[in-house]
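This report goes through one structural model, from a single side chain to the interface between chains. Please keep the sequence and the coordinates at hand while reading.

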Amino acid sequence: MKNEALLDKEYINSIVSDMLDSLIVLDADGIIKTANRATLDLLGYKEEELIGRPVEDILPQDGGGAAFKDTGLKQLSKNGFIRGYEIAYRTKAGEEIPVILSGSIMYRESNGSKAPMGSVCVAHDMREIKKLHSELLQCDRLASLGTLSSGIAHEIKNPLAIIIQGLAFLKSSIPSADSLSHDAIARMEKAGLRAAEIVKDLLSFARQNPPALEALDIPCVIEETLSFIEHQINSKNIKIVRQFKPQLPLIKADASQMKQVFLNILLNAIEALKQGGSITIAVEQLRPETSISYLQIRFADTGCGISEKDLKMVFDPFFSTKQKQGGTGLGLSVAKGIVERHKGVIWIESKPGCGATVIINLLVT
Amino acid sequence: MENKRKLLIIDDEEDFCHFVKLNLERSGKFQVLVASQAQAGISLARVNQPDLILLDILMPDMDGSQVAENLLLEPTTKNIPIVFLTALAQKKEIESAEGVIGGRTFIAKPVTPQELIARIEMVLGK
């Protein structure tokens, strides 16, 4: 019988120890008495470091911990349990991990009455769920933005067409000696044309057309794109370095959408470059011998680079570091959307002052 | 004066027509007629025999493709070149509209007078 009791204890210990969610047991004063392996892994403590600490030590210092004592623990002692309480655990390294916590009071029975002896709390790490939730929100936001943009862009085009034609008429009506009026009209025209560009970008952003796939020679598509912007490249005296590996495979992609991607990336690079900078365009096949092989396209500029903070947001719609120069902040969002619709990936590597490299991987099929 | 090409704009945006007319006529190359309703535009085309028609697509009384179809059915107007001038988002949308649009020239609004003149001259074969 003793052996059976021992086995039962081992069995229960194993449940607590092996469960994937964090479990802690607190005494009536809120001191940690037990912590399972998941808790230790989550918080980065050794067992002997954690046991005996007040629960506040693993709660946020910015008020979240106090709030838990005020509301969470009160609720726990009043109702005997707490369920779905959102809080963060603070790790040994100081990182805050969002968790959802449930707990209940543990009672000791003595002489027919129950006396509280502590509480047992289970916490589920919410990082992955929060990440998915935020991705879902972003998708939702982008979809709404796309629909809205398309509607607005269309409605804006007609009044914009009137403004642009009207300004052109005024310009030709004013005597050429009236430089002040000509300057005013030129500024308004510039603003009107900028608005027209924004509308065009909005429509590109809103269009989520499935790609019309055809077998493309990517270096050829890049060359065609470069020919569109020859003027901008030459006017800034930018050197284009081509590093196209020989015998590259054809890629199934939509030619006009791919040109749009390359154009948006190249225009960004040109913006970032001072006179005489360079853009290196490299195309190579990665893992050609395997069944899952990629064509990698790299656009590396020698421009001012991107800060770590900005790097996180460069693909967000309407994020722009060059609004004063007329950037709409949609170019890279559009590029990302297109690449992803081709089941590819796009990312940027950069450090301030060291240029930026936009990298695209497209599946070779 | 007799060298000027005769254009007809059919577009329900009256202010747009007003300025396009002024700008095109100021270039000295064109005489411009305007119709802000589709049916009136078809009548003007019949009577005045323009060298080219600038035709909007989305109009309240009749769709641009229907106007084009009507013009094509009439022996007196069937050979007049039509250029679609539209605020529709993109060529694909225009091409997907039913009727006679596919394969024709279109100019997306907004457009500058210089671009517009260049496109018109291209269609007129100058």
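Which backbone oxygen does the side chain of B:Thr77 reach?

## Basis of the report

This is a predicted model, in which local features need pLDDT of at least 70 and side-chain atom pairs count only at pLDDT 80 or more, while totals for chains, interfaces and linings use all residues. Residues are numbered from 1 along each chain as its sequence is written, chains are lettered from A and ligands numbered from 1 in the order in which they are written, and side-chain values use heavy atoms, with hydrogens and water left out.

## Two loop residues

The side chain of B:Thr77 reaches the backbone oxygen of B:Leu71, at 2.6 Å. B:Thr77 sits in the loop that runs between helix H3 (64-73) and strand S4 (82-86) of chain B, helices (H or I, at least four residues) and strands (E, at least two) being DSSP runs numbered from the N terminus. B:Thr77 counts as buried because its relative accessibility is 2%; buried means under 20% relative accessible area, exposed over 50%, and partly exposed in between (1.4 Å probe, protein chains only). Leaving aside neighbours within four places in sequence, B:Thr77 is in contact (heavy atoms within 4.5 Å) with B:Ala45, B:Arg46, B:Gln49 and B:Leu71.

A:Asn237 lies in the loop between helix H8 (230-235) and strand S7 (239-244) of chain A, and it counts as exposed because its relative accessibility is 54%. Its C-alpha atom is separated by 4.9 Å from that of A:Gly276, although the two residues are 39 residues apart along the chain. Neighbours within four places in sequence aside, A:Asn237 is in contact with A:Gln275, A:Gly276 and A:Gly277.

Chain A has 11 helices and 12 strands, and 39% of its 365 residues count as buried. Among its contacts between residues at least 6 apart in sequence, 60% join residues at least 24 apart.

Not counting residues up to four places away in sequence, A:Ile360 touches, among others, A:Val261, A:Phe262, A:Ile265, A:Val339 and A:Ile346.

## The interface of chains A and B

In this interface, 18 residues of chain A are in contact with 20 residues of chain B. The two chains bury about 1,800 Å² between them, 60% of it on carbon and sulfur atoms, where buried area is the accessible area (1.4 Å probe) that two parts lose on being put together, summed over both. In chain A, the residues that lose the most area to chain B are A:Ile162, A:Gln165 and A:Phe169, together 35% of what that side buries.

Seven residue pairs, both residues at pLDDT 80 or more, are in polar contact across the interface; a polar contact is a pair of N or O atoms within 3.5 Å, where within protein one must be able to donate a hydrogen and the other to accept it, and residues adjacent in sequence count only if both atoms are side-chain atoms. On the side of chain A that touches chain B, the largest share, 13 residues, comes from H5(A).
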